[in-house]
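Thanks for coming. I will take a few minutes to walk through one structure, starting with a sheet and ending with charged pairs.

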Amino acid sequence: MVVERLGKLHDIKTSGFFLGVPLIDQVAYVVDLRERALDITPQAAITKDNVSVSVSGNVYIQFTDPERAAYGAHDPLYAVMQHAQSAMRSAIGEMELDEILHERARLNTLIKGSVQDAAVAWGIDVKRYEITEIIPDEVIRVAMDKQAAAERNRREKVLNAEGEKQQASLTSEGVKIQLTNESEGNLIKIRNEAEAAKTKLELEAEGEAKAMQVKAMAQAQAIQLIADQIMKPGGAEAAKLALAKDYVQMFGEMGSKSNTMMFNDRPADVNALLSQAALAISSVSGGDKAAASPPVIDASSTSSQ
C-alpha cells in the first residue's frame, strides 16, 4: 500500500494494520504484487515477406516496485499491453512467415525483451511472453494448405519409391541367392552323379574281371581234370567212346532239324568214328604231354593199348 501524507508520498506499507494520523495520512494506491497474465488481443501485422497475419498472445507480469507502479505511469497495465502489442508487430515485421511459424520461441524472446526494457520505469517485471495464435490471411492459408498437401504427396511418393526400390533390391538379391544355391546344388548333383557312375563302372569292371577270373580258373580246373582222367588207364578208351557218342548224338539232332545232311565217306563205320576220336584225343594228349612231359603216364597208356 502506498500511504500519502497531505497528498505526498509518505511510506510504503505491506498488507495488514498500520499506524497513521487520521485525516492526514491516507492510502492512495493499493498495488497487487502477485503475478498476473494480460491477454493481448489479436493484432494485424505484416511480415517481412509481405504476408498479412493476425497474432495474439499473453504477457505475464509482476509488480516489484509499488512506488514506480503508483507514480511511474497513469495506468501501467494499459501501458504494458500497448507496448506489448507494438513490440509484437515490430518483431513480426522483421521476420518472414515461415520463421514466425517455426521460431515462436525466438519471437517470444524478442517481444519480452522489448517490453521488459520499457516496464522497468513502471515497477513491473515481465516474466514471459507467449504467442497463442498466428492466423495468416485467407489466401495465404489456402496456399499453405495446398503447399502442405503437395508436400505430403511428395513425401508419400518418395516413401513409395524408396519402398519399391528396397523391394526390388531385396527381390533381386533373393533371386541371386536362389540362382546361386541352385547352381551350387546342380554342381554338387553332377559331381555326385559322376562319382556314382565312376564307382559303378569300377565295381562292374571289378565284378567282370573277377567273374572272368573265376570262369577261367573253373575252365582250367575242368581241363586239368579231363586231362588227368584221360591219362589214367582206360581213360583214353572212355574218352573215345564219349566223343563217339556225342558225335552220333550230333548227327541225330541234325537229322531231326534238317533234311539235308553231310557225312564222311564212311558214316556207318564205327571204327572210323573211333579213329577220329582217337586222333582228337591224341592231339590233346600230345599237347598235354608237351606241356607236362609225363613219360610214365605215356608208357602205361601204351601198355594198356
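This is a predicted model: local features need pLDDT of at least 70, side-chain atom pairs count only at pLDDT 80 or more; totals for chains, interfaces and linings use all residues.

**The sheet and its surroundings**

Residues are numbered from 1 along each chain as its sequence is written, and side-chain values use heavy atoms, with hydrogens and water left out.

Back to β5, which covers residues 52–63 and is joined to β4 by nine bridges, the two running antiparallel. Strands count as paired if DSSP finds at least two bridges between them. The strands belong to an open sheet of three, in the order β4-β5-β6, with antiparallel pairing. Its edge strands, each pairing on one side only, are β4 (36–46) and β6 (124–136). On average, neighbouring strands of this sheet are turned by 20 degrees against each other, direction ignored.

Helix α2, residues 76–93, lies across β4, β5 and β6 and runs at about 40 degrees to β4. Axes here are lines fitted to C-alpha atoms, for helices over the stretch in contact (heavy atoms within 4.5 Å), and angles run from 0 to 180 degrees between N-to-C directions.

In total, the protein has eight helices and six strands. Those are DSSP runs numbered from the N terminus: helices are H or I with at least four residues, strands E with at least two.

Is Asn108 buried or exposed? Asn108 counts as buried, because its relative accessibility is 11%; buried means under 20% relative accessible area, exposed over 50%, partly exposed in between, with a 1.4 Å probe and protein chains only. Asn108 sits in helix α4, residues 104–119. Leaving aside residues up to four places away in sequence, Asn108 touches Tyr129, Glu130 and Ile131.

Now the charges. The structure holds nine salt bridges, each a side-chain nitrogen of Lys or Arg within 4 Å of a carboxyl oxygen of Asp or Glu. One of them joins Arg128 and Glu35, with the closest N and O atoms 3.2 Å apart. This pair links distant parts of the chain, 93 residues apart: Arg128 is in strand β6, Glu35 in the loop between β3 (25–29) and β4. Arg128 is partly exposed at 37% relative accessibility, and Glu35 is partly exposed at 38%.

Finally, Asp32, Arg34 and Arg36 are linked in a network of salt bridges. Within it, the closest N and O atoms of Arg34 and Asp32 are 2.9 Å apart.
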